[in-house]
Amino acid sequence: MYYRLKLSYSLRGWSRTPWVLVKRTENRIRYLKQEEFQTLLLCDGSTDLEKEYMSDEMKQVLHRYEAENVVEPCLQEKELAADQYYRYYDNPFVQSVLWSVTGYCNFRCRHCYMDAPEGKLGELSHQQAMDLIRQMAGCGVLCVDITGGEPLVRKDFWQLIDAIQSYQMTVGQIYTNGYLLTEDVLGEFEKRNLRPEFVISFDGVGWHDWMRGVRGAEEAAIGALRICESWKFPTSVELCIHKGSLDALPKTVELLAGMGVSRLRVGTIARTELWKKNSEGNAMDFQTYIQAMIDYIPRFFQAGMPMEVTLAGVIRLHKKSREFSVIPMRYQGTKECENRFLCKAARYTCYITPEGRLLPCMPMTACKEQGLFPLIPDIGLQNGLKDSFYSKIVNSRVKDLLAVNEMCASCEYKYDCGGGCRASALEQTGDLMGSVKDQCMLWKAGYVVKIQKAAEMSGSCYG
């Protein structure tokens, strides 16, 4: 009796993550135990399982995966498709890459750390971009999220999308200002059987044009969201909030929820030189931002919890649910925290800048010290993932921070916060192992407790 993987499944492995089942075309993954992997490895359509030794546990695994429609029996040999056979990548597992395909943009945003209208970070040539896509596939990347600048201004945009698809990588999200997002664009995605989530910038009712430096930007963003809704493309929104737009937040949430937007992320504005020059009195300090977000929590519950809202650095609030997650509470307050990675998110995703620099995350683009990180055209993506300043940072543990940062090591909250965001540390101190003063303030001034109490009380009153 022969068994084979169903056509929609492939076996993959990476260093330190050797046994993974991948479900095409969504590229969802399932981590496997050794017995599961060994069993599925035999399901190649060419191995007669009646002649192979299989333990009772392996037999149970086989029947379970048959019941789950992952494998199927066949009466005679029937080989797998080439992509289904096990492939091992000699680099750490990176499930998704966020790639700025261009540093250019059609807007003149007041805060842009890329200086996007002038494109100070440029963009890779067509040949370089195609080679980068090939390298992503060669490292086993499963998903490529696209951002900019404004990605839709890139002339070879569709060639890049086609190349990504040709390697069976999926396009999960596209970050855009929405100005160029038309029905024709959505039609091109439908032709390719792709339905990415469009993450559209929208900085508050009545404020978006001012923030983005283009008349009609707000109308265009709303129009893009409505088009996506009518075509049933998923959408989410990122909102940069400032002192002037605080009062517009409840009305903005109501508007977006009414257009089918699934998620909203509200964040402070990066302290770029451009924002310092162009804020016109609307800049606010972190403490003001935190208090304003705490004040908004009851209004979210009172409005009926209409959508998922993340108040960056503060709390995640869920649609139609009293459940919430206090963001600064990263760990459980025990010594076990020391062995956790400094940044959990950066373990399985990375960011590539317009000129091809490999960073743990996009916010590090705003830091002067980004030059410490490798340029992929110089050393290659696989080398960057395996042996570079990048790999050193993403593999660092909380204990590594505590060993060199006396302030964090002596803090009573160290096993709750784990030191905070490294991009923030780099921005505020110029030191990747520095202390994050905003995170310190949240704990030491009692704001974490205030955030939790505000959510608990609001949920009780309005949930």
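In which sense do strand β1 and β5 pair, and over how many bridges? In this predicted model, strand β1, which covers residues 2-5, runs antiparallel to β5, and the two are joined over two bridges. Strand β5 itself spans residues 44-48, and four of its five residues are buried, so the strand is largely enclosed by the rest of the structure.

A pair of aromatic rings is described by the distance of the centres and the angle of the planes. The count for this model comes to 19 aromatic pairs. One of them is formed by W14 and F93, whose ring centres are 4.3 Å apart. Their planes stand at 40 degrees, an angle between the limits of 30 and 60 degrees, and the pair is therefore classed as tilted. W14 belongs to strand β2 (residues 9-15), while F93 lies in the loop between β7 (87-92) and β8 (96-100); the pair therefore ties together parts that are 79 residues apart in sequence. Both partners are buried: W14 has a relative accessible area of 0%, and F93 has one of 2%.

The rings of F37 and Y86 form another pair, with centres 4.9 Å apart. Here the planes meet at 65 degrees, so the arrangement is edge-to-face. This pair also links distant parts of the chain, since F37 is in helix α1 (residues 34-42) and Y86 is in the loop between β6 (71-74) and β7, 49 residues apart. The surroundings of the partners can be read from their accessibility. F37 is buried, at 8% relative accessible area, whereas Y86 is partly exposed, at 31%.

Ring pairs can also join into a group. W14 and F93 belong to a cluster that ring pairs form together with Y31, Y89 and Y348.

R195 lies over the face of F233, at 4.0 Å from the ring centre. For Y447, the charged end of K450 sits over the ring, 4.6 Å from its centre.

The backbone deserves attention as well. Most residues other than glycine have a negative phi, and most peptide bonds are trans. Against this background, several places in the model stand out. R24 and T25 are joined by a cis peptide bond with omega about 0 degrees, and T25 lies in the loop between β3 (17-23) and β4 (28-31). Another cis peptide bond joins G148 and G149, with omega about 20 degrees. G149 is found in the loop between β9 (143-147) and α4 (157-166).

Where do K232 and K320 lie? K232 is in the loop between α7 (217-231) and β12 (235-240), and K320 is in the loop between β15 (315-317) and β16 (324-326). K232 has a positive phi of about 65 degrees although it is not a glycine. K320, likewise a residue other than glycine, has a positive phi near 50 degrees. At 67% relative accessibility, K232 counts as exposed; K320, at 60%, is also exposed.

Note on methods:
Residues numbered from 1 in each chain as written. Predicted model: local features only at pLDDT ≥ 70, side-chain atom pairs only at ≥ 80, totals over all residues. Heavy atoms only, no water. Phe/Tyr/Trp six-rings, centres within 6.5 Å; stacked < 30°, edge-to-face > 60°. Buried < 20%, exposed > 50% of the residue type's maximum accessible area, 1.4 Å probe, protein only. Lys NZ or Arg CZ within 6 Å of the ring centre and 35° of its normal. Pairing = 2+ DSSP bridges.
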